[in-house]
Amino acid sequence: MEAWDDARQGEEAAARRGTGRRRFLGYVLAAPTLTVAAQLGGAALAPRQASAQAAAQAPSVVPSLPGPAEIYDLNDMLTHATLPTANLITIRIDADGTAAFALPRAEVGQGITTSSAMLIAEELDLPLDKVRVTLADARPELLFNQLTGGSNTTISTFTPIRVAAAVARGRLLRAAALELGEVVGSLTARAGAVVSTTGRSLTYGELAEKAAALTDTAVEVTLKDRSRFTVIGTPQRRIDALEAVTGRKKFAMDVQVPDALPTMVCRPPTINGTVRSVANLDAVRTMPGITDVVRISTGVAVRGRTFDQCIDAVRALKVTWGPGTADGASDETVLRKLKAAEPPLVVSPLPLLTKAVDARFTFHFASNSALETNCAIADVRADSAEIWAGLKSPVVTQEQIARRLGLPIGAVRVHVTEGGGSFGRKLFYDAASEAAEISKAMGKPVKLMWHRADDFRQGRTHPMSTSRVRATYTPGEVLTYAQRHTSVATDFGHGIGEIITAQAASLPVADLTFSETLFQLTQQSPYHFGATTMLLNETDNGYNTGAMRNIYSPNVRCAQELVVDELARRMGDQDPYAFRRRFLKDERARAVLDKVAELGRWGRTMPAGTAQGIAVHPEYHSFVAVLAEIDCRPETTGRKIPDAYTGPRVTKVVCAVDVGLAVNPLGLEAQMMGGIIDGIALTLTSGLHLHDGHFLEGSWDNYFYTRQWNTPPELEIVVMPPTTGRPGGAGELAVAGAMAAVACAYGRATGTMPTTFPVNHAEPLGFEPPPTIPPVPASPTDGLDRAF
């Protein structure tokens, strides 16, 4: 058995040579039909080293030492944490010739069911439509191997899934050899069948029972060389696309559980307010369709025949509310706290010798509401509980709910449903936990749905932050770069997927340490700017916050790229593209930068009031570059659209992305497009307004996410040719790159570096302090439409 690190290094060497040994140990498990598992444990993966190019610098560049994330990042840590339970990832061949795989991750629209199916189809030589991927229930024995986050799914499962599929393929070939009376070497696996040189064949379905084992058996396998791939690396449509567009795809709210009736919660008007008293509980219980009304820790829950009736009941409740955790707070008071908590910038420019770019950037709260509003189903009995929800950390969900209900963990079943979006939101299990509390209090199953306004006002937000940057330079060199990022505390109460780290992350002393660790494992500067330091400080944990699209990267990298533009201007009015190219550490970063400059025609003549911006972002051993063009002319910013902020318009975006090996380039393009639209929103229009302890925005229509009038008419995504034999992180790259490029374009078009985001963070249109669920106009259609 070869250790994981030897195998990974061998795979890298083989990728360079085109050949090589890739032998792994897998298992055939005792089962009625062929069931196989990935390699057990093994030595930890060798952490990737900083790029070799980092040591070979242009003569005049003052080099920077590699940061922690360049040597060992969050993705490396998450991948290593999955190794001890990698053998629990299993694939089953059924009698109908299909391969069944329960993915221990959450599909929330990112396409990982498709990419996982592609890995199986590749190593099994099976048509993609013959692979069935479902989502695994919570499995505590998987520990860290069931967390979906940090763009880690494809990276950490890439080898285990392929090993399991390769074991199955080898077992099928051996079974066919016995049946056909031929040697294994004369047989070929092709399109779900084993074919002999004489033309005889057996389907996988015919071989499924014959290839099964009575006892667990260890076997060695050799994975396919990259030169033989026919599925991996080819653009594939999503395996769930038809179900999605025809409405047959099932999310949590589509699950039918007997007697689980619609349930909603009357929530406080301020963040985390508490119930003091309810004046009309009995009257609300008699309203049409209402079956139950109970007080819970987060408000007052109502259960009824329809969601429409629940909304009416929620609005009718007369509740006296106690204080929340952010009473009296506003954007202005939070900003004052952040500025007071900023760590000092130690390095100062030397008189007559050096100069400095000194800047502070402010990033407002941003909503982490997913397209699918928060929902869950719970059926809690005296001695058991069953939960259905879209969950990215189902193990800690199961463990925490069991603890709160006073049940053994084996008595709580948690089913992971597909989710309609997440980007960090579904790392938290608040809907599932709340549904369990309500079901226990009512003694009945419930189908809980948060109103959209609940998600915006009481749900998770990306915290408000400031980034203080100082870069010192001489006429030809950047000597130091210091960044002090100060943020409202980010909640990492989900830990890395199980109860131990979840509890540790929530401790008063450990929470900042946990955040600082994640900051250091995700944030890096791609430039050689001499002595470089990047530090985090967090303050004020009275808000419901969470990781959203890169955790810290969009804000941190946006600030740095704006400073890079300013350095280029002050150091001899240099071209921003050429300036970046000179100081970049990595050749892969230069390659994506060159590609967008070429395709976007960088430097072309543009009308006054319009401009190009360009930016680079590295993360999780991947690289992205984005070129954006923006129109800030008065006739564009002043156009009138009902009930909307207009402002500048992004007219063109070119994005080049290098993730190493892209398993599904078409899926990667889709992720980049979504990230770009997010980046445009965070830069120009989308921000929450905090007023007297509550957020004013209550839905997408007044949060002003990127709309058609600000979506670039020209959008081009380029997936770079594979640079390594394995994938890197992908899902979060484009947000930071797009935000930085759009911000730089805005600065060049207006002649002023933007320092507050979103730049259109004007007073919201016609808002009043929210009581709870806001009224909506009468709808001609009764039912769920009013809940959204």
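**Note on helix packing in a predicted model**

1. In this predicted model, the buried residues of helix α10 pack against a set of strands, namely β15 (355-363), β22 (465-473), β23 (478-488), β24 (531-539) and β28 (690-691). The helix itself spans residues 331-341, and its buried positions are D331, V334, L335 and L338.

2. Viewed down the axis of α10, these buried residues fall within an arc of 100°, and they therefore line one face of the helix. On the face turned away from that buried side, α10 carries the exposed residues R336 and A340.

3. Helix α11 (residues 394-405) packs with helix α14 (residues 499-506) at an angle of about 75°, their axes being 9 Å apart; because angles of 65 to 115 degrees count as roughly perpendicular, α11 is roughly perpendicular to α14. The contact is formed by V396, E399, Q400 and R403 from α11 together with I499, A502 and Q503 from α14, and its residues divide into three nonpolar, two polar and two charged.

4. For helix α17 (residues 576-583) and helix α18 (residues 587-599), the axes come within 10 Å and cross at roughly 165°, so that α17 and α18 are roughly antiparallel to each other. The crossing of α17 and α18 is left-handed.

5. What residues make the contact of α17 with α18? On the α17 side they are Y577, R580, R581 and R582, and on the α18 side R590, L593, D594 and A597. The residues of this contact divide into three nonpolar, no polar and five charged.

Key: Residues are numbered from 1 along each chain as its sequence is written. This is a predicted model: local features need pLDDT of at least 70, side-chain atom pairs count only at pLDDT 80 or more; totals for chains, interfaces and linings use all residues. Side-chain values use heavy atoms; hydrogens and water are left out. Axes are lines fitted to C-alpha atoms, for helices over the stretch in contact, and angles run from 0 to 180 degrees between N-to-C directions. Helices (H or I, at least four residues) and strands (E, at least two) are DSSP runs, numbered from the N terminus. Angles under 35 degrees count as roughly parallel, over 145 as roughly antiparallel, 65 to 115 as roughly perpendicular and the rest as oblique. A crossing is left-handed if the near helix is turned anticlockwise from the far one by less than a right angle, and right-handed if clockwise. Contact means heavy atoms within 4.5 Å. Ala, Val, Leu, Ile, Met, Phe, Trp, Tyr, Cys and Pro count as nonpolar, Asp, Glu, Lys and Arg as charged, and the others, Gly among them, as polar. Buried means under 20% relative accessible area, exposed over 50%, partly exposed in between (1.4 Å probe, protein chains only). The arc is that of the directions from the helix axis to the C-beta atoms.
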